[in-house]
Amino acid sequence: LVRAGAWLSPSHRRRLRATRKSSHLKLNIASGSLKSAGWLNVDASPNADLRIDLRQNLPITSGSVSLIFSEHFLDHLEYPNTARRFLAECLRVLEPGGRMRLVLHDAEALCRAYVNRDTEYFRLSGETTTNLVEAVNSTFRFNGFHKFIYDFETLEKLLLEVGFSRVIRCQFRQSEIPELVQDFDQVARGVLSMYVEALE
């Protein structure tokens with residue numbers, strides 16, 4: 001339905017043609033309603049600049065993207081096949097020296113919070129239950145939308161297998177490339193999330 005709706009829209013077809021002729025693009029993948037100015041906001045939602053099913057190949061020319069940002073999306077893809085295919089597409093469209101920033105739930109932080117009985121962690125995550133194992137499951141499953149929860153080692157291994165040259169663990173609202181910091185500016189996100197950058 002996403003693809004059909006997009007192809008029926010003349011404005012979307014014009015934008016897609018223009019995108020294929022562009023270079024040094026900056027992609028905000030799975031942007032939802034939080035659109036970034038100066039970035040091509042890519043999502044399945046109707047208000048995206050480029051409306052596509054992100055489980056499919058990106059309709060973007062190889063080597064035409066300088067920066068990719070994606071927050072809390074990768075953990076919604078089946079691991080490892082669909083996640084690997086998505087990351088390989090991101091690498092394909094990056095230009096030499098390009099970089100991708102991924103923000104997603106942090107399995108290690110979640111497990112540590114459970115073992116340490118860290119109720120503040122779960123309060124920040126929006127969990128209201130007093131049963132911590134229920135809170136773990138709720139955070140992990142996210143009403144069935146989450147397919148896999150990563151720790152840094154697993155994500156790094158997958159990114160290197162796909163062909164990225166280097167993987168860096170970063171911090172909330174911090175990067176060697178300030179322009180790449182499009183993180184949702186909320187204290188809870190900084191506590192719950194893992195921030196990783198992968199270089200072409």
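Analyst: **Strand β4 and its surroundings**

β4 and strand β5 (residues 94-105) run parallel, joined by 6 bridges. Strands pair if DSSP finds at least two bridges between them. This is a predicted model: local features need pLDDT of at least 70, side-chain atom pairs need 80 or more, and totals for chains, interfaces and linings use all residues. Residues are numbered from 1 along each chain as its sequence is written, and side-chain values use heavy atoms, without hydrogens or water.

Start with β5. Leu 94 in this strand stands opposite Val 65. To get from β4 to β5, the chain passes through helix α3 (residues 81-93), and this β-α-β crossover is right-handed (clockwise from the first strand over the helix to the second, with the strands pointing away from the viewer). Helices (H or I, at least four residues) and strands (E, at least two) are DSSP runs, numbered from the N terminus.

Now β1. It also runs parallel to β4, and 5 bridges join the two. Here Ile 29 has Ser 70 of β4 as its bridge partner.

How enclosed is β4? The rest of the structure largely encloses β4, because 7 of its 7 residues are buried (under 20% relative accessible area, 1.4 Å probe, protein chains only).

β4 (65-71) also supplies at least two residues to the lining of the largest pocket, as do β1 (25-29), α6 (132-141) and α8 (187-192). α8 gives the most, 3 residues. The lining holds 30 residues. Leu 34, Glu 71, His 72, Phe 184 and Arg 189 lie nearest the pocket's centre.

Terms used:
On a 1 Å grid over the protein atoms alone, a cavity is a set of points where a 1.4 Å probe fits but cannot get out, and a pocket is an open set with protein on both sides within 12 Å along at least five of seven lines; lining residues have an atom within 4 Å of a point. Buried means under 20% relative accessible area, exposed over 50%, partly exposed in between (1.4 Å probe, protein chains only).
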